[in-house]
Amino acid sequence: MKKNMDCSLTLPSKSTEERIREAAKRVFLEKGFDGATSRDIAEAANINIALTNYYFRSKEKLFISIFEEMLQLFFNGMIEIMNQPISLREKIAELIRHDFQLMKENPSLSLFVMNEVHRNPERMVNCMGVMKQIHHSMFEEQLQKEVNLGTIREINAIHLLPMIFCNIQFLFIGKAMHMKMWQMTSEQFDEFAEKHKNLVIDMITEYLFEFEKA
């Protein structure tokens with residue numbers, strides 16, 4: 001008697017889709033949109049290239065999906081911290097710690113986002129919703145309130161946020177250069193980076209809070 005065919009074998013496999021996305025994430029972070037190919041992604045996922053096209057239709061559609069995910073990763077935790085009911089000093093320290101941990105776990109993320117927006121400014125459209133969330137967060141209002149009270153020196157978020165993030169992100173963008181220049185092992189770099197994070201917290205908070213009033 002003929003056995004019934006197991007139809008579940010013909011259904012799309014969620015695990016295969018996840019493997020493609022994880023591989024695409026690694027390849028795009030390393031090579032960017034222009035440098036990556038569908039074949040690169042298929043080889044990284046250890047699957048047939050036809051499966052990549054089956055799940056995502058094109059390299060561009062797969063890239064847009066990954067880019068949006070990376071933007072969410074880049075900004076979401078930051079917005080959550082900005083809306084926490086904590087003091088401004090604590091909030092700034094938490095933003096620095098969050099960015100440090102994010103860059104430590106995803107050292108190519110910052111360069112990837114900046115490069116892709118530079119190559120194709122139209123991708124900034126994907127950032128606009130996130131930027132609105134930043135503008136409407138508690139952070140700007142809290143910052144201005146402290147300025148008005150005279151508890152911190154006069155500064156706008158448009159200046160403060162680059163001070164926070166550039167001091168951390170450049171550390172990881174230049175990780176290979178730092179290690180080569182100062183002859184560091186990975187363990188030594190991690191120790192150095194941890195100290196650098198604490199220096200950045202002290203530097204920015206002291207600049208804001210410790211000043212002579214006119």
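Here is a short chat about how this predicted model is put together.

Colleague: What should I know before I start?
Modeller: It's a predicted model, where local features need pLDDT of at least 70, side-chain atom pairs count only at pLDDT 80 or more, and totals for chains, interfaces and linings use all residues. Residues are numbered from 1 along each chain as its sequence is written, and side-chain values use heavy atoms, with hydrogens and water left out.

Colleague: OK, how is the chain divided?
Modeller: Into domain 1 (15-57) and domain 2 (67-210), with bounds from an automatic or database domain assignment. Their centres, taken over C-alpha atoms, are 29 Å apart.

Colleague: How many residues does each domain bring to the contact?
Modeller: Domain 1 brings seven and domain 2 brings eight, where contact means heavy atoms within 4.5 Å. On the domain 1 side, three are nonpolar, one is polar and three are charged. In that sorting, Ala, Val, Leu, Ile, Met, Phe, Trp, Tyr, Cys and Pro are nonpolar, Asp, Glu, Lys and Arg are charged, and the others, Gly among them, are polar.

Colleague: And what area is buried between them?
Modeller: About 630 Å², with carbon and sulfur atoms giving 57% of it. Buried area is the accessible area (1.4 Å probe) that two parts lose on being put together, summed over both.

Colleague: Which residues of domain 1 lose the most area?
Modeller: Lys-25, Leu-29 and Phe-33, which together make up 63% of what that side buries.

Colleague: How many salt bridges cross that interface?
Modeller: Two, counting a side-chain nitrogen of Lys or Arg within 4 Å of a carboxyl oxygen of Asp or Glu. Lys-25 also pairs with Glu-69 in a salt bridge, with the closest N and O atoms 2.7 Å apart.

Colleague: What's the count overall?
Modeller: Nine salt bridges. One of them joins Glu-210 and Arg-89, whose closest N and O atoms are 3.7 Å apart. That pair links distant parts of the chain, 121 residues apart: Glu-210 is in the segment after helix H11 (186-209), and Arg-89 is in helix H5 (residues 88-105). Helices here are DSSP runs (H or I, at least four residues), and strands are too (E, at least two), numbered from the N terminus.

Colleague: Switching topic, what does UniProt annotate at residues 37-56?
Modeller: The unreviewed entry has "DNA-binding region" there, though annotations may be inferred rather than shown by experiment. In the model, residues 37-56 are 80% helix and 0% strand.
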